[in-house]
Amino acid sequence: MTERPCRKCLIADLPRGEKLREILQERLAQIPEEEKVSPAEYASRLEKCRTCGHLHEGTCALCGCYVELRLARAGKGCPMKGTILQNKTN
Ligand code: SF4
C-alpha cells in the first residue's frame, strides 16, 4: 500500500523522519543564536504552519523551504507576507 504524504506534518512529526530530523537539528545548530527568533516565536510560527494548507511534509509549497529551518531565522518568514505569518524581512 502506498503511503500518502502528510499535509500537516513538520519534519518533527513525520513517522519515519529520523534522518531528516537529524539533519535538521545539525542545520539548526549551525544558525548563529543572534540570527534566530526566540523559542516562543519559533513555536508560534510552526503552529501556524501546522494549520496551513501550503505545508507538505515539512516543506512550504510556496517557497520550497523546510519550514523548521526557514522560520528559525529572524530575517526569514512566511512567503505569504502579512497574511499567514508576519515577516520581518523576506
Ligand atoms: S505559507 Fe507560511 S504558514 Fe504556510 S507553510 Fe509556508 S511558511 Fe508556513
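**Ground rules.** I number residues from 1 along each chain as its sequence is written. Since the model is predicted, I note that local features need pLDDT of at least 70 and that side-chain atom pairs count only at pLDDT 80 or more, while totals for chains, interfaces and linings use all residues.

**Overall layout.** I looked up the elements and found three helices and two strands, where helices (H or I, at least four residues) and strands (E, at least two) are DSSP runs numbered from the N terminus. From the N terminus on, I read their order as α-α-β-β-α. I then checked burial, taking a residue as buried if 20 or more other C-beta atoms, placed from the backbone, lie within 10 Å of its own, as exposed if 12 or fewer do, and as partly exposed in between. Buried residues make up 16% of the 90 residues.

**Ligand.** I counted 13 residues around the ligand, with Cys 49, Cys 52, His 54, Cys 60 and Cys 78 as the closest; a residue is near a molecule if its C-beta atom, placed from the backbone, lies within 6 Å of it.

**Ala 72.** I placed Ala 72 in the segment after helix H3 (67-70). Why is Ala 72 buried? Ala 72 counts as buried because 21 other C-beta atoms lie within 10 Å. Leaving aside neighbours within four places in sequence, its contacts are Leu 28, Ile 31, Lys 36, Val 37 and Tyr 42. I also noted that the C-alpha atoms of Ala 72 and Ala 43, 29 residues apart along the chain, are separated by 9.2 Å.

**Ser 44.** I found Ser 44 in helix H2 (residues 39-50), and Ser 44 counts as partly exposed because it has 13 C-beta neighbours inside 10 Å.

**Glu 57.** I located Glu 57 in the loop between strand S1 (55-56) and strand S2 (59-60). Phi of Glu 57 is near 50°, a positive value in a residue other than glycine. Most residues other than glycine have a negative phi.

How values were computed. Two residues are in contact if their C-beta atoms, placed from the backbone, lie within 7 Å.
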